[in-house]
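I opened the notebook to look up helix packing and the chain contact. Entries follow in the order I checked them.

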Amino acid sequence: MQITTNHLKRCDLITLSGRFDSSNAHELQAALRASMDEGVYRIVLDMKDVTFFGSAAIRALVQAYKECRRWNRGDVRLAAIPERITEVLDLAGILPLVQVYDDAVLGVGSF
Amino acid sequence: MTSTQHEICVTSELANLANIGSFVSERARLSGMSEKQVFHVQMAVDEACTNAMVHAYQGDPEGEVRVCCYLEGNDFVVEVVDQGQVFDASSVPEPDLGRPLEERDIGGLGLFFMRKLMDSVVFVAPHEGGNQVIMRKRIGGRLS
């Protein structure tokens, strides 16, 4: 599992790779928290290399989504979601509500 | 007819979720499931094991979680057993998917995934204490 944050002009681009389950979802939460603590509420999550995304990771995502969108100050957008993960996010009722892009460049450009 | 049982027994450390995931995925794949179904099984078992580790054992990494897989007819069956505190699944409300994300309560997703991704989920309270959850998925069935 790897999390890399790139601080770009428009937003923070957080690139995720590997497996995200209850053992490490707190690290995802911490990465999102770090951006918000720096005052960055526009975040793109590049999920191209994510192999597993369990409910704990989804909770971390939703928490950050809620906080970033508060007072219209920002948003969390998703990029390059693998098909299996797309299905899971759809099942959780998240997909219709979150902005999704085919790749990170488009995601970043959306801000 | 029940086939040979395959079992993995690990401590209740969350780090063992990946091992369990690999084990269950491999067994599901060998049973003839599509990759989509294999992923569903992996997801449901991950949630069931997380519940055992986090709720039944309250985060204590010294407990034991046993995961057993077998075939019963056309069903791939997975049992997750722990000896922790009894967990009442009926007390956990389903997430309300109709509400906007900002208003939604975040809990209940794990059980929700188990029920949606498997064809049946049964909770048993064994005599000796702990929890047993038995999940079934029809090979080549719905959501394949």
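At what angle do the axes of helix H1 and helix H2 of chain A cross? I found roughly 15°, with the axes coming within 8 Å. H1 covers residues 25-37 and H2 residues 55-69 of chain A. Axes are lines fitted to C-alpha atoms, for helices over the stretch in contact, and angles run from 0 to 180 degrees between N-to-C directions. Helices (H or I, at least four residues) and strands (E, at least two) are DSSP runs, numbered from the N terminus.

This is a predicted model: local features need pLDDT of at least 70, side-chain atom pairs count only at pLDDT 80 or more, and totals for chains, interfaces and linings use all residues. Residues are numbered from 1 along each chain as its sequence is written, while chains are lettered from A and ligands numbered from 1 in the order in which they are written.

I then listed the contact (C-beta atoms, placed from the backbone, within 7 Å). H1(A) brings Ala25(A), Leu28(A), Gln29(A), Leu32(A) and Met36(A). Among the H2(A) residues are Ala60(A), Gln63(A) and Glu67(A). By class I noted nine nonpolar, two polar and one charged. Ala, Val, Leu, Ile, Met, Phe, Trp, Tyr, Cys and Pro count as nonpolar, Asp, Glu, Lys and Arg as charged, and the others, Gly among them, as polar.

Next, chain B. I read three helices and five strands, in the order β-α-α-β-β-α-β-β.

Last, I checked the chain pair. In chain B, 20 residues contact 21 residues of chain A. H2(B) gives the largest share of that side, six residues. The side has 13 nonpolar, three polar and four charged residues.

Terms used. Two residues are in contact if their C-beta atoms, placed from the backbone, lie within 7 Å.
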